[in-house]
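Please look over the model below before reading this note. Each numbered point takes up one topic.

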Amino acid sequence: MKAIRRFTVRTVLPEPLRPLGELAQNLRWSWHQETRELFRGVDPEGWAATQGDPVRLLGSVSKERLTALAGDRRFLRRLSTAAEDLADYLSNPRWYQDQSDLPAAVAYFSPEFGVTSALPQYSGGLGILAGDHLKAASDLGVPLIGVGLLYRHGYFRQSLSREGWQQEQYPVLDPNSLPMAPLCDAEGEPVRISLTLTGGRLLAARIWKAQVGRVPLLLLDSDVEANQPAERDVTDRLYGGGSEHRLLQEILLGIGGVRAVRAYCRITGHPEPEVFHTNEGHAGFLGLERIRELSLEGLDFDAALEAVRAGTVFTTHTPVPAGIDRFDRDLVARHLGEGGALPGVDVGRVLELGRETYPGGDPHLFNMAVMGLRLAQRANGVSTLHGAVSREMFAGLWPGFDPDDVPITSITNGVHAPTWVAPEVQQLVARHVGAQHTEDALTVGGAERWRDVSKIPDGALWELRRTLREQLVEDVRRRLRDSWRQRGAGEAELGWTDSVLDPDVLTVGFARRVPSYKRLTLMLRDPDRLRELLLHPERPIQIVVAGKAHPADDSGKRLVQELVRFTDDPRVRHRIVFLPDYDMRMARLLYPGCDVWLNNPLRPLEACGTSGMKAALNGCLNLSVLDGWWDEWFDGDNGWAIPTAEGVADEDRRDAVEAAALYDLLEDQVAPCFYDQGGRGLPQRWIEMVRHTLATLGPKVLAGRMVRDYVTGLYAPAARSHRAVRGAAAAELAEWKGRVRWEWPQVSVDHVETSSVEENGAAELGATLTLRAQVALSGLDPLDVDVQLLSGRVDASDRLVDPAVVSLKPTGRTDTAGRHHYEGPLTLDRTGAFGYTVRVLPAHPLLATPAELGLVAVPAEAGGLTAGVLR
C-alpha cells in the first residue's frame, strides 16, 4: 500500500557529536576535502552508500556507531579541528574585506544552482556556473545572497531503454532530507511569501535556506498546503511544463525572490543588497518588483526604473535567440496586470520593457532577455567571443550604433577549483609547492603560485595521470554494468564490462547537454575512420561520452540513441562508452580521468564551455573548436584547436569538413604525442603540455578570478550608481532622459570640415589637421551631449575599423541657425586608407555608457563632409 505522505526523521546526535550536524548543514563540505574525510570516517560503507551526502549519512548511521564515536577521543579531536576550521572560515576577513567602496551586499538570482549532487537543483552549465559563483564568493568573502527555486523533482534522472532511447525519471525530493533548513522568524515559524495571481488565486511559497560556506542560498518552494494543486506544482520540475507554467516559475523567482531577500534581511540583520545580479533572463522580473517597491515610496515609474537600473547587473549566457525565453504578451499582461502579481504597476509600461522593437522582432512576444537588458544599467556575456556575439545579437536595441559600441561587456566564466580539482592533484601539488600555496592558488589564484607546478617531477606527474585514468576506468565499468542492467541485460551477458577501457590507453572525454549545436555525434561522421582510431594497433584511443537531452527534445534524444547504438557494437564497445545520468558525481571523476577533453560545437554558438576548464585544472589537455573560452586562451601549447569551416553554408558539408579535421588531429598529432615515450619511458612533450596547461590556464579559469572581475568591473560601479541614483536624483535623471529623447529627433551633425591638406603640407603620417563641426542641438544644452571625433583605418566599404575616439570642444560660438560649433585636432596616426566621422551622444555623469539611451546622431552619408576620407 502506498503512503499518502512522506517525510524524513532526522537522527538526534549525542552531545559530543553535535558539531557533525553543523558541518553537514554547511555545504562547504562539498568542496572541503578534510571535512569530507571526517564524514567518511563516521561510516565508510555508509558514506559510499549515500554517495557522499553527510545529511543522508547521519540519517542512516546506527545508534551504536554514534555512541562509539562519541567516546572516541581521536575522532572527537578531528571533529573539533574541523568545526574550528569552519568557524574561522566563516568569521575571518577574506579578500573582499580588504577592499574599499564595495557593495554592502549583492543578491544573485538564477533559475538553477549546481552546488552539490546532494542538492540536485541544476540541469547543466548554467546551474553549475551559478553554484561555482556562490562558492567562489564565499571563499573571497563577498556578501552574496543566492536566490533560486526549490524543484521537488529536480531536473530528471536519465536512463536508457534496450534500444538506447533516453528515458526520464523524476524522483520526489524530500526537502527535510536535503542539506538545508526552512527560514524561520523570531518565533520559530517558517517564513512564507505570497503573490497574487489572476482570478483571485494566491501563490504562496516557503523559503528554504542552504548555507554555501559564507553565502546563504534562498530557495522558494510552492509545494505548501496554502496553495491549490496547480499552484503547488509551480516548482515541480526544473525547465518543465508549458509556457504558462514556465512564466509562473519566473514570476515566482523574480518577484517572489525579491520578497524572500527582504524577509531574510529583516529576520537576520543581513545588509540589504545594493546590487541585484540577474543570471540570465529567467529572473528578470525581479526588476519589476523593485519598481513596485519604489512606487510605494512615492517614485513614479520612470524614476523607479532609473533607480532599479542603476543597481542591476544582467548576464546573458546564450549565443542564439532560440535560447531566450519569450512569452505571449497577452499572457504576461494577464499575470502582471490588474489583479495580478504587480499591483500598482502600469502593465503597459512593463510590456514595453520586453517588446522586441528591433527589425525582425515579433511584436506579439515578450522577450525576457530584452527586458533584462532594459532593466540593467550593466550587462555582460560570459567570454570575450560571447560578448562580441551578444553585441551583434542585441544590436537592434541600440539602432545607429555599430555592434562594437553596444554596451554589453564580457567577463569570462571560471570554475571553482576546490570543487573540481581531484584530491590526488591537490595532494601532489601540495607536496611539491606547499599546502598553503596550493590553497591560495585554488581559491584566490595568482600566476606565481601556478608556475610552481614546474617543481613537480615528470615521473610523478605522469604517474598521477595514470592513477586518475585508472579511477575513471573503474567507475566507468561499474556505471556501464548498472546501465546495462537497467536496459534489461542479465548478469550472464555482462562479463565483457570487466574489460571495458584500459588505464594505459589515451582517453578522450565528451560530456555536456545535448542540443544540436554541441554536435554530440560529430565523432560518428565517418564511423569507419573512428573505428580505426579506436582500434589502432599501436596508438589506440578510447572515448567516454555522457550527456542529457532535454525531455522535450526528440532530436537530441535521437542523437543520444545514435551514439549509444555505435557504442553497443561488440567490435568497439571496449573502447567507447556512453554513460547515462551525467551529473556532478560523475563529472568529479570524469574530468580528472581523461587525457583529452573534446569540444566541437558549431562556432560561435558556445557561450563559454566551462567543462574544458575543469578538465584543464586536472592536467587534461583540450581539443576544441576555437569557441567560448578556448578562443580566448588557446596558445598552441595547452592543447589543440579544431579547424572550422564557418564559410561553408551547407551544414552537412561543414560537419564533414570539421569531422575530418578532428580525425586528422587525433591520428596525426594527439595520439603520437601521447604514445611517444622516448628513451626515458615518458611522453616528454605531453608532460610539458600538461605542465604548461596548469601553469598558464590555472590562474585564468578560476571562479575566484571571475568573481573578482564581477566585483571590481560590475558590482562596485553598480553600487556607486545605486547610491547616486536614489529619490530626487532618480527623478531628475528620468526627467533628463525624457527631455533628451523628446529633443533628439532634431539633433543633427550639419557640417564637418577639416583644414585643408595644402595648409598643413602633404597628408603624411603624424600630421595634425583641425576638424570643425556644426551641430544642431534643438532645445538641448551643450552639456547634455558629447560630440566625438572618430578616426582611423577604414575598410573597403569605408567603415572605420577600431577607431580612436576624441571628444571635440565647443568653441562657444553659434551661427545664425543656432548651430553650435565644435573643433579639435585630427591626427593622421596611421598610413594607408584613413577616415573619420563625427557623432553626437547624450552625456550625463550618471550614465554608465554614452550608448545607454540608444541615441546617436551622425552626419548624413551623402553630404556635409570635406576631406572625409584620405587615401
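**Notes on the predicted model**

1. Trp-462 and Phe-674 are both buried (buried is under 20% relative accessible area, exposed over 50% and partly exposed in between, with a 1.4 Å probe and protein chains only). The model is a predicted one, in which local features need pLDDT of at least 70 and side-chain atom pairs count only at pLDDT 80 or more, while totals for chains, interfaces and linings use all residues. Residues are numbered from 1 along each chain as its sequence is written, and side-chain values use heavy atoms, with hydrogens and water left out.

2. Rings of Phe, Tyr and Trp (its six-membered ring) pair if their centres lie within 6.5 Å, as stacked with planes under 30 degrees apart, edge-to-face over 60 and tilted otherwise. By this rule there are 19 aromatic pairs. One of them is the tilted pair of Trp-462 and Phe-674, with 5.4 Å from centre to centre and 55° between the planes. Because Trp-462 belongs to helix 20 (residues 458–486) and Phe-674 to helix 26 (residues 651–675), this pair ties together parts that are 212 residues apart in sequence. (Helices, H or I of at least four residues, and strands, E of at least two, are DSSP runs numbered from the N terminus.)

3. Trp-484 and Trp-496 make an edge-to-face pair, 5.8 Å centre to centre with 85° between the planes. Trp-484 lies in helix 20, whereas Trp-496 lies in the loop between helix 20 and strand 15 (506–511), so the pair ties together parts that are 12 residues apart in sequence. Trp-484 counts as buried at 11% relative accessibility, and Trp-496 is also buried, with a relative accessible area of 16%. Elsewhere, ring pairs link Trp-462, Trp-640, Phe-674, Tyr-675 and Trp-686 into a cluster.

4. Where does Phe-401 lie? Phe-401 is placed in the loop between helix 15 (384–393) and strand 14 (409–410), and because its relative accessibility is 8%, Phe-401 counts as buried. Although Phe-401 and Gly-854 are 453 residues apart in sequence, they are 7.6 Å apart in space, C-alpha to C-alpha. Leaving aside residues up to four places away in sequence, Phe-401 touches Leu-841, Ala-851, Gly-854, Leu-855 and Val-856 (contact means heavy atoms within 4.5 Å).

5. On a 1 Å grid over the protein atoms alone, a cavity is a set of points where a 1.4 Å probe fits but cannot get out, a pocket is an open set with protein on both sides within 12 Å along at least five of seven lines, and lining residues have an atom within 4 Å of a point. Points are joined across faces, edges and corners, and a volume is the space filled by probe spheres set on them. The second largest pocket holds about 1300 Å³ of space. Of its 47 lining residues, Asp-475, Arg-478, Arg-479, Arg-585 and Leu-589 are the closest to the centre of this pocket. Elements giving two or more residues to that lining include helix 2 (33–42), helix 3 (44–49), helix 17 (423–433) and helix 23 (584–593), but helix 20 gives the most, with nine residues.

6. There are nine cavities of 30 Å³ or more, and the second largest cavity has a volume of about 80 Å³. This cavity is lined by 13 residues, and those nearest its centre are Leu-480, Trp-484, Thr-567, Asp-568 and Phe-578. Helix 20, helix 22 (554–567) and strand 17 (576–579) each give two or more residues to the lining of the second largest cavity.

7. Helix 10 (residues 286–296) is largely enclosed by the rest of the structure, because nine of its 11 residues are buried. Among the buried residues of helix 10 are Glu-289, Arg-290, Arg-292 and Glu-293. Just after helix 10, Gly-298 takes a positive phi of about 105°.

8. Some backbone details deserve a look. A cis peptide bond, with omega of about 5°, joins Arg-603 and Pro-604, and Pro-604 is found in the loop between strand 18 (596–599) and helix 24 (611–616). Gln-51, a residue other than glycine, has a positive phi near 55°; Gln-51 is in the loop between helix 3 and helix 4 (54–60) and is partly exposed, with a relative accessible area of 43%. Leu-501, also not a glycine, has a positive phi near 65°; Leu-501 is in the loop between helix 20 and strand 15 and counts as buried at 4% relative accessibility.
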